[in-house]
Amino acid sequence: MKVLSITIGFILFLGAGVALEMRSIVSDLLLGELDKQGVSLASDLAARSADLVLTSNVYAMHQLLHDTVNNNDSVQYAFVTNEKNEVVAHTFSGGFPVALLRVAQEVPAMNQGKRLLEIEEQVVHDFSRPIVDGRVGVARVGLHEKNIRASIIHVTRTIVQTTIMMSIVGIFAAFLLTNLLHYPINLLVDATRRVSLGDFAQRVVIHTKDQIGILARAFNEMGENLARKEGENSRLLAELEKKESVRRNLLKTLITAQESERKRISRELHDETGQMLSSLMLHLRHLKSAEGNVLIDEEIERMRAVVEHSIHEVKRISRQLRPSILDDMGLLPAVEHLGREYQKNAQFEVDVVIQGREISRRLLPELEITLFRIVQEALTNVTKYAEASNVSIIFTLRGDLLQLIIEDDGEGFDVERHFAGDTSHEHLGLHGMQERVEIVGGTFQIESTRGVGTTIYVSIPITYEESEALA
């Protein structure tokens with residue numbers, strides 16, 4: 001609409017300027033021609049009327065004046081005066097105008113034979129020429145501006161009509177140009193509104209190479225980026241929701257496990273240690289009532305056996321809660337001890353391999369307990385599900401990273417289905433290992449093939465214990 005208004009306004013302004021300029025030019029040209037015509041007619045009339053005035057041939061003089069008026073459309077009047085400035089012939093049918101009497105009595109100079117008169121509310125260009133240097137009289141002709149005004153009006157009307165036609169053509173052209181320019185812009189506006197509502201699949205097809213075409217290509221690239229970001233956000237949101245679900249299940253399982261562990265410790269203390277202490281009390285009573293050294297020695301021997309068994313059970317429970325070897329000797333001796341215990345109690349061989357000279361240095365306690373729990377959880381899974389014959393535990397120091405590989409030759413399982421399935425919350429051991437690794441800034445990866453076995457890859461940035469680092 002703005003382009004259309006600007007175009008129309010420009011055409012009208014240009015048409016008005018051209019009309020005024022042409023009107024001025026035409027008026028100046030026609031007035032100049034009128035002056036030339038008046039001078040020529042007055043001179044011709046003065047020359048042809050000299051003999052007629054001298055011979056007082058009034059009839060011929062009238063005929064000459066009327067011929068002059070009739071043969072020239074612009075001539076309003078013509079008259080001749082004698083040497084006494086008396087009008088001897090004129091072309092006025094109703095008598096000589098009084099307004100011209102004063103003019104008729106004036107003798108014009110040779111080069112000043114024109115003046116403007118207002119007769120009957122009309123401007124008349126009066127031209128005069130002396131007859132025989134004024135000794136015989138003066139010839140005068142009056143030329144009106146009717147033809148000039150008519151010509152100016154005609155020129156003005158033609159320019160106005162042309163301007164109107166140009167305006168109509170301009171409006172039509174501006175309408176087509178506006179639609180041509182607005183069509184791709186309207187497409188972009190409509191597509192932008194759809195994108196703002198979340199429809200990132202919107203694209204605009206514009207094949208021009210101008211600025212609008214560049215804008216359309218930039219819009220399409222923006223849509224592709226938004227669609228890709230939306231897909232990534234959806235995927236990340238799904239992963240976040242899944243991790244949040246796993247975290248809640250882990251927390252729930254942790255609480256349940258803590259309560260189960262407390263219950264188990266309470267039961268073992270009651271069933272094992274409590275019964276042993278009760279048995280020890282019973283033996284003490286028998287010892288108090290026993291007669292003879294033989295019976296006393298037998299009771300003391302039974303008491304010693306009970307105490308020894310109690311000490312063994314207390315140590316076993318303590319090791320399961322928190323292996324003291326981990327605190328006393330470090331990660332690697334604790335893992336080797338753990339491997340020997342599982343090998344002794346389970347039906348598979350455990351091989352622990354350590355690569356790297358600096359691997360024996362003590363790590364931060366949180367790193368050691370994280371790696372120990374991962375190995376412990378992996379061996380527990382092998383015991384429960386894998387039915388493996390051999391398990392390899394490999395520690396490798398590479399720069400500032402400690403890599404742990406736990407590999408078995410058991411049944412294997414579908415890793416992708418396990419982590420993507422809805423039942424993943426039912427098997428939280430692998431998720432627990434992954435969570436532990438991510439907490440200390442490491443990476444966790446697991447590969448498994450049915451019938452071949454499972455391999456767990458853990459990579460953790462190393463931070464040594466401060467006392468070890470200073471040493």
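Author: Helices (H or I, at least four residues) and strands (E, at least two) are DSSP runs numbered from the N terminus. The model is predicted, so local features need pLDDT of at least 70, side-chain atom pairs count only at pLDDT 80 or more, and totals for chains, interfaces and linings use all residues. Residues are numbered from 1 along each chain as its sequence is written, and side-chain values use heavy atoms, without hydrogens or water.

Reader: Over how many bridges do strand 3 and strand 4 pair?

Author: In general, strands of a sheet pair through backbone hydrogen bonds, parallel or antiparallel. Pairing takes at least two DSSP bridges between two strands. Strand 3 and strand 4 have six, in the antiparallel sense.

Reader: What is the strand order in that open sheet of five strands?

Author: Read it as 2-1-5-4-3, with antiparallel pairing. Strand 2 (87–90) and strand 3 (114–119) are the edges, each pairing on one side only. From one strand to the next, the twist averages 25 degrees. Axes are lines fitted to C-alpha atoms, for helices over the stretch in contact; angles run from 0 to 180 degrees between N-to-C directions.

Reader: Which strands does helix 2 touch?

Author: Contact means heavy atoms within 4.5 Å. Helix 2 (residues 58–70) packs on this sheet and touches strand 1 (75–82) and strand 2. The direction of helix 2 makes about 45 degrees with that of strand 2.

Reader: Where is V132, and what is its phi?

Author: Most residues other than glycine have a negative phi. V132 has a positive one, near 55 degrees. Its place is the loop between strand 4 (122–131) and strand 5 (137–144). V132 counts as partly exposed because its relative accessible area is 36%. The scale is this: buried is under 20%, exposed is over 50%, and partly exposed lies in between, with a 1.4 Å probe and protein chains only.

Reader: Is E387 buried or exposed?

Author: E387 is exposed, at 64% relative accessible area. It sits in the loop between helix 9 (365–386) and strand 7 (390–398). Phi of E387 is positive too, near 55 degrees.

Reader: How many bridges link strand 7 and strand 8?

Author: Eight, in the antiparallel sense; strand 8 covers residues 401–408. One example is R398, whose bridge partner in strand 8 is L401.

Reader: Which residues of strand 9 are on the covered face?

Author: In a regular strand, side chains alternate between the two faces of the sheet. In strand 9, F444, I446 and S448 make the covered face. T443, Q445, E447 and T449 make the uncovered one. E447 stands opposite T455 in strand 10. Strand 9 and strand 10 run antiparallel and share seven bridges. They form a hairpin with three residues between them. G451, in the turn, has a positive phi of about 85 degrees.

Reader: Why does T370 count as buried?

Author: T370 counts as buried because its relative accessibility is 7%. T370 belongs to helix 9. Beyond neighbours within four places in sequence, it contacts R436 and V440.

Reader: Which residues form the nonpolar surface patch?

Author: F10, L14, V18, M22, I25 and L29 do, with about 540 Å² of accessible area together. Patch residues have over 30% relative accessible area and no salt bridge; like charges are joined within 9 Å, nonpolar side chains (Val, Leu, Ile, Met, Phe, Trp, Tyr) within 5 Å. A salt bridge puts a side-chain nitrogen of Lys or Arg within 4 Å of a carboxyl oxygen of Asp or Glu. Areas come from the Shrake-Rupley method with a 1.4 Å probe; for residues, only the protein chains shown count as cover. I25 lies in helix 1 (residues 2–54) and is partly exposed, at 36%.

Reader: How many helices and strands does the protein have?

Author: Twelve helices and ten strands. Of the 471 residues, 35% count as buried.
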